[in-house]
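I opened my notebook to look up a few things in this structure. Here is what I worked from.

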Amino acid sequence: MKYELVAGFETHVELSTNTKIFCSCTTAFGGEPNTHCCPVCIGLPGTLPKLNEKVVEYAIMAGLATNCEIAEIAKMDRKNYCYPDLPKAYQISQYDKPLCEHGYIQLSNGRRIRILRIHIEEDAGKLIHNHGDTYVDYNRGGVPLIEIVTEPDFRSIDEAKEYVERLQQIMRYIGVSDCRMQEGSMRCDVNISVRPEGSEKLGTRTEIKNMNSITNIAKAMEYEYERQCDLIESGGAVVQETLRYDDATGTTSSMRSKEDAHDYRYFREPDLVTINVPRERVREIEARLPELPEQKYQRYTEEYEIPEKDAALLTKYRSISEYFDKAIEGLKSPKTASNFIIGQIFRRLETEADKEAFDVKTTAEQLNEMCKLLEGGKLKNNLAKKTLEQMLDTGKPVTEFISESDMAGLDDATLTEYCQNAINAMPAAVADYKNGKEKALMAVLGNVMKQSRGRADAGAVTKKLKELIG
Amino acid sequence: MVTREDIENIALLSKLFVDEKDLDSLTEEMQKIVSFADTINNVEVKTGEFDNINNLSNAFRADEVKPSLPSTEILKNAPEQAEDHFLVRKRA
C-alpha cells in the first residue's frame with residue numbers, strides 16, 4: 001500500500017532583542033556561564049517579571065509577515081514542568097490567548113501552510129550532561145522566543161524544507177531574528193504521521209525534536225516516514241511519543257514514553273498584566289514592515305520580467321535584493337543588472353554566508369552607473385564583463401576603466417577605415433556574403449571588432465560593412 | 001470529583017512522595033479545596049471578562065540592557081556548583 005505523509009511544524013525562533021523577555025539582562029550569544037543572569041531570570045523568590053515591549057512588537061511583525069490576525073487582547077500563562085533548565089519550575093508562555101493566530105505561508109507549488117498560532121515565551125537554560133551529572137548555564141534562560149505552530153498541512157519533505165527556508169527568509173527580512181539553526185536561534189520540532197493514500201483520517205503521530213539543520217529535518221522525516229510505514233505494513237501500530245533525531249546514526253529514538261506525558265497545568269501568570277494591542281498600533285507596525293521576499297519576487301518577475309529562477313536568487317537574502325533595488329534605479333532594463341549580479345558577482349561569493357553578507361567591493365551605485373553607460377551605448381557590451389571584473393577587483397568606479405574615446409565610441413572615419421581593412425583582408429567571406437550567405441558577414445564583423453579592441457558598436461559596424469560591400 | 005488517582009498524579013508531577021495510607025485523607029482535603037474554588041466559579045459575572053483588580057494592561061519595559069550580576073552572586077544560593085555552573089547531581 002502507498003502511504004501519504006502528514007506533518008506539522010512547531011518552530012522556535014529566538015528574537016534578536018537586546019534584552020531578555022522579562023528582565024534587562026543581555027541576550028548576547030555565548031558569554032561565560034551564568035554571567036547574563038539576574039534575580040528575575042534565575043527565578044529567585046520575590047522578583048517580578050516585566051515584559052519587554054520589543055518582544056511584543058517583534059512578535060506582531062512576525063505575525064503580520066505570515067498573514068496572521070493580531071489579537072486585541074493577549075495574556076501570559078505559566079506552563080509548569082520540573083526540569084533543571086527552568087529555574088522557576090515553570091516557563092512563562094502563552095496558552096489560550098496567543099498574540100497571533102490564523103496565518104499562512106504560501107509555497108511555490110501553490111499550497112498554503114496554515115499557521116495556527118504564534119506565541120511569545122521565554123527560552124530555557126542550557127544543560128550540559130556529564131557522566132550523569134548536569135551542569136546548568138542560565139545565560140539563555142529568559143531569552144525571548146516566538147513559537148510558530150502550523151496545522152498538519154505538509155504532504156512532502158520538499159514542502160517541509162521550503163517552509164523552513166521561507167520562514168527563515170521572512171524572519172531575517174523583517175529583522176526579528178537571525179534564525180541560525182546551528183546556533184540554536186531557530187529550532188524545529190516536527191509532528192509526523194502516515195495514512196493510506198486517499199484516507200482522510202489522521203494517523204497516530206510522533207514528534208521529532210533536536211534537529212539543527214534543514215538537511216537533518218529532511219533526513220529525520222524521511223527516516224520516520226519509512227519507519228512508520230514499515231511498522232504498519234508489518235501489522236504493528238505507531239505509538240504516540242516524542243523522538244530524538246540522532247545525526248550520527250541518522251535514526252530517531254524515543255525520548256520519553258507516554259507514561260510520563262506532561263500535564264503542564266497551565267494557568268494565568270499572575271505577575272504579568274494583560275497585553276492590549278490597539279488596532280492603530282498594528283497599523284503603525286504594518287506600515288513599517290519592509291517589502292517581503294514574496295512581494296519582491298512578484299515585482300521582479302512581473303514588472304521587470306526577470307526569470308523566476310533568477311528572481312528567487314535575488315530575493316533569497318534581503319542584502320542581495322536591496323543591492324539589486326539600488327542598482328536598477330533609473331535603468332531601462334533591470335535584467336542587465338540582475339545578470340551581472342547573478343553571473344559575475346555571485347561567482348565571487350562562494351558560500352551561503354558570503355551571499356547573505358553580500359560584501360562586494362563594487363557598490364550598488366557603481367553598478368548602476370555602469371549599467372547606465374551600457375544602456376546609453378557608451379560602454380560596449382563586449383567590454384562590460386571585463387570592466388565589471390576590474391571594478392569588482394578594485395572597488396573603483398566604471399569611469400576608471402573606460403577611456404574618453406571608449407565613452408565616445410569610434411568616429412566615422414576610423415570605423416570606415418577598420419571596415420575597409422576587414423573587407424580587404426577577407427575576400428572569401430565577402431564573396432560568400434555577396435552570394436547570399438548572411439552569416440559570412442559575422443566573420444568580417446569579428447575582424448573589425450578586433451581592430452577596434454571591442455570599442456566598435458556591432459550595429460554600426462554591420463551597417464557600415466553592408467554599405468561598403470554594397 | 002477528586003479521585004485517589006488525581007492525588008497520585010499530582011504527587012508525581014510535583015515530585016512528592018505520598019504514602020499509600022495518606023491517599024484517602026488527602027483526596028478528601030483536596031476535594032474541599034476544589035469545592036471552595038468552585039464557589040468563585042459560580043459567581044455570575046455580568047460585565048464581560050474579568051481581568052485584574054486594578055484593570056491594568058501593557059506594563060512594558062524598554063529594551064535596554066542593564067548590567068547582570070556576577071556569576072559568583074548568581075551561584076551564591078546554589079546547593080552545589082562546579083565550573084561556574086549550577087550542578088545537578090544524578091539521583092542515586
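**Ground rules**

I am reading a predicted model, where local features need pLDDT of at least 70, side-chain atom pairs count only at pLDDT 80 or more, and totals for chains, interfaces and linings use all residues. Residues are numbered from 1 along each chain as its sequence is written, while chains are lettered from A and ligands numbered from 1 in the order in which they are written.

**Confidence**

I checked the scores. The predictor gives the complex an ipTM of 0.76 and a pTM of 0.80. The average pLDDT of chain B is 86, and 90% of its residues score at least 70. pLDDT is the predictor's confidence in each residue, from 0 to 100.

**Domains of chain A**

I noted three stretches: domain 1 (3-283), domain 2 (291-408) and domain 3 (412-469). The bounds come from an automatic or database domain assignment. The centres of domain 2 and domain 3 of chain A, taken over C-alpha atoms, are 32 Å apart.

**Chain B**

I counted elements here. Chain B has 3 helices and 3 strands. From the N terminus on, they run α-α-β-α-β-β. Helices (H or I, at least four residues) and strands (E, at least two) are DSSP runs, numbered from the N terminus.

I then asked how the radius of gyration of chain B stands against that of a compact globule. Chain B has 22 Å, but a compact globule of 92 residues would have a value near 12 Å. The radius is taken over C-alpha atoms, and the globule rule is 2.2 Å times the number of residues to the power 0.38. Along the principal axes, the C-alpha atoms of chain B fill a box of roughly 50 × 50 × 15 Å.

Of the 92 residues of chain B, 8% count as buried. A residue is buried if 20 or more other C-beta atoms lie within 10 Å of its own, exposed if 12 or fewer, and partly exposed in between; the C-beta atoms are placed from the backbone.

**Where the chains touch**

I looked at the contact between the chains. Chain A gives 32 residues and chain B gives 29 residues. Two residues are in contact if their C-beta atoms, placed from the backbone, lie within 7 Å. Which element supplies the largest share of chain A's side? S10(A) does, with 5 residues.

**A sheet across both chains**

I traced an open sheet of 4 strands, in the order S9(A)-S10(A)-S3(B)-S2(B), with antiparallel pairing. Two strands pair if DSSP finds at least two bridges between them. The edge strands are S9 of chain A and S2 (81-82) of chain B, each pairing on one side only.

On the chain A side, 5 bridges join S9 (residues 126-130) to S10 (residues 133-137). A:Ile128 stands opposite A:Tyr135. The hairpin has 2 residues between the strands, and A:His131 takes a positive phi near 50 degrees there. On the chain B side, 2 bridges join S2(B) to S3 (residues 85-88). B:Ala82 has B:His85 as its bridge partner.

**Helix H5 of chain A**

I took residues 293-303 next. A:Pro293, A:Lys296 and A:Tyr300 are the buried residues of H5. They fall within an arc of 65 degrees seen down the axis, so they line one face of the helix. The arc is that of the directions from the helix axis to the C-beta atoms. A:Gln295, A:Glu302 and A:Glu303 are exposed on the other side. The buried residues pack against H2 (157-173), H6 (308-315) and H7 (318-327) of chain A.

**Helix H14 of chain A**

In residues 427-434, I found A:Ala429, A:Val430 and A:Tyr433 buried. Their arc covers only 100 degrees around the axis, which puts them on the same side of H14(A). The face turned away carries the exposed A:Pro427, A:Ala428, A:Ala431 and A:Lys434. The cover over the buried residues includes H13 (412-425), H15 (440-451) and H16 (458-469) of chain A.

**Positive phi**

Most residues other than glycine have a negative phi. I listed some exceptions.

- A:Asn34 has a positive phi of about 55 degrees. A:Asn34 counts as buried, with 26 C-beta neighbours inside 10 Å.
- A:Asn67 has a phi near 60 degrees. A:Asn67 is partly exposed, with 16 other C-beta atoms within 10 Å.
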